[in-house]
Amino acid sequence: MHLLYPLIVSAGLFSIGLYGLLARRNLVLVLMSVELMLAAVSLNLVAFDVWLADVMRSGQVLTLMVIAIAAAEVGLGLAIVLQLFRQRATSAIDDLDTLTEPR
Amino acid sequence: MDPHGAAATGARSKRRGWLSVGATLSAGSDRIVHAADAPSYLEVTGNEIVFILIGVITLGAALLCVTSGNVVRAALWLVVALGGLAGLYLVLTAELVAIVQLLIYVGAVVVLLLFGLMVTRAPIGLQLDLNTPNRPIAIITALAAFGLLVAALVDAFRFAYLDLGGSGQGSAESIGAALFGSWVLPFEVLSILLLAALIGAIAITRRDVGARGRR
């Protein structure tokens with residue numbers, strides 16, 4: 001298989017995640033877009049690992065670690081979203097603008 | 001030497017330097033990086049057909065996930081996208097990673113996200129204000145990133161070819177040996193990180209710890 005196929009699928013997933021990250025209003029949907037971007041990175045790691053035929057299996061082992069870190073990230077992210085929702089009664093990122101400069 | 005010739009030689013050697021990244025990576029093995037050795041893109045193998053089909057499904061589901069007007073449907077499209085990604089791993093012979101992907105992402109992360117949607121009382125029905133006003137900027141940024149990435153990747157890895165000849169590269173045995181051999185220290189550090197994330201998540205969401213005086 002040509003290496004370009006997984007790389008281009010990965011680039012597409014990353015760009016879709018980037019779009020979702022910038023365009024979505026709900027915090028949980030933003031977290032989903034981050035998951036898509038992480039998935040794109042994992043696909044890249046696996047493709048390059050198979051291409052390089054690494055003895056230490058660096059790419060696939062790092063993919064497993066990325067998956068574990070993504071699980072931890074979602075857990076912490078949702079805890080923060082939940083706490084924000086308790087304090088502000090919203091999960092829309094447009095409304096969380098206390099740190100912006102006054103216009 | 002005339003200046004034009006020197007400039008052309010400089011440009012050519014710069015170009016060779018850009019390509020030599022692949023050449024350095026491939027030193028000492030039989031990976032295909034040169035034009036003469038790589039099969040043509042017109043000779044599509046069965047692996048490639050399966051990969052393209054699952055890849056199109058994955059990308060379509062991801063696109064529906066970020067554009068859907070319904071938060072629960074977005075989460076379910078994310079399940080399809082991540083499941084398709086597990087299929088892509090299988091085609092790339094990474095069996096263990098594919099199964100872990102299904103177990104952790106589809107089994108745990110998406111369920112967690114659905115719980116997050118429920119506890120923040122996201123409306124279940126169609127919702128029209130899910131996108132921020134800077135959506136056109138987001139579209140332009142994403143398209144620019146995609147174009148840039150594809151241009152760079154095509155330039156650098158046009159002739160790279162994966163040999164999926166069943167080397168047992170991604171089997172549980174081989175990954176397990178690597179994980180508990182050379183990668184054992186990062187693995188243990190990762191378990192400490194998971195424990196810290198667990199305790200952190202509990203500490204953030206409990207109502208009776210921290211900032212007691214405020215309530």
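Reader: In what order do the elements of chain B run from the N terminus on?

Author: This is a predicted model, in which local features need pLDDT of at least 70 and side-chain atom pairs count only at pLDDT 80 or more, while totals for chains, interfaces and linings use all residues. Residues are numbered from 1 along each chain as its sequence is written, and chains are lettered from A and ligands numbered from 1 in the order in which they are written. Chain B holds seven helices and zero strands (helices are DSSP runs of H or I with at least four residues, strands are runs of E with at least two, and both are numbered from the N terminus). From the N terminus on, the elements of chain B therefore read α-α-α-α-α-α-α.

Reader: What percentage of the residues of chain B count as buried?

Author: A residue is buried if 20 or more other C-beta atoms lie within 10 Å of its own, exposed if 12 or fewer do, and partly exposed in between, with C-beta atoms placed from the backbone. Chain B has 215 residues, and the share of them that counts as buried is 22%.

Reader: Which residues touch the most other members of the largest nonpolar core?

Author: A nonpolar core is a set of buried Ala, Val, Leu, Ile, Met, Phe, Trp, Tyr and Cys residues joined through C-beta atoms within 7 Å. The largest such core has 76 residues, and those touching the most other members are A:M32 and B:C65.

Reader: Which element gives the largest share of this core?

Author: The elements giving two or more residues to the core are α1 (4-23), α2 (27-52) and α3 (58-88) of chain A, along with α2 (46-67), α3 (71-91), α4 (95-119), α5 (135-157) and α6 (172-179) of chain B. The largest share is 16 residues, and it comes from α2(A).

Reader: Which residues does B:W77 touch, not counting residues up to four places away in sequence?

Author: B:W77 sits in helix α3 of chain B and is buried, because 21 other C-beta atoms lie within 10 Å. Two residues are in contact if their C-beta atoms, placed from the backbone, lie within 7 Å. Leaving out neighbours within four places, B:C65 contacts B:W77 as well as A:M32, A:L36, B:A74, B:L78 and B:A81. The residues that B:W77 touches are B:A61, B:L64, B:C65 and B:S68.

Reader: How many residues does α5(B) give to the side of chain B that touches chain A?

Author: The contact takes 62 residues from chain A and 83 residues from chain B. On the chain B side, α2, α3, α4, α5, α6 and α7 (184-205) each give two or more. The most come from α5(B), which gives 13 residues.

Reader: Why is α1(A) called roughly antiparallel to α2(A)?

Author: Axes are lines fitted to C-alpha atoms, for helices over the stretch in contact, and angles between N-to-C directions run from 0 to 180 degrees. Angles under 35 degrees count as roughly parallel, over 145 as roughly antiparallel, 65 to 115 as roughly perpendicular and the rest as oblique. The axes of α1(A) and α2(A) are 8 Å apart, and the helices pack at an angle of about 165°. That angle is why α1(A) and α2(A) are roughly antiparallel.

Reader: How many charged residues are in the contact of α2(A) with α3(B)?

Author: The axes of α2(A) and α3(B) come within 11 Å and cross at roughly 5°, so the two helices are roughly parallel to each other. Residues of α2(A) including A:M32, A:E35 and A:L36 meet residues of α3(B) including B:A74, B:L78 and B:A81. For the count, Ala, Val, Leu, Ile, Met, Phe, Trp, Tyr, Cys and Pro are nonpolar, Asp, Glu, Lys and Arg are charged, and the others, Gly among them, are polar. The contact has 15 nonpolar residues, no polar ones, and a charged count of one.

Reader: Which residues are in contact with A:S15, leaving aside its neighbours within four places in sequence?

Author: A:S15 is found in helix α1 of chain A and is buried, because 26 other C-beta atoms lie within 10 Å. Its C-alpha atom is 7.7 Å from that of A:M37, 22 residues apart along the chain. The residues in contact with A:S15 are B:A142, B:A145 and B:F146.

Reader: What is the phi of A:R57?

Author: A:R57 lies in the loop between α2 and α3 of chain A, and it is buried because 26 other C-beta atoms lie within 10 Å. A:R57 is not a glycine, yet its phi is positive, at about 55°.
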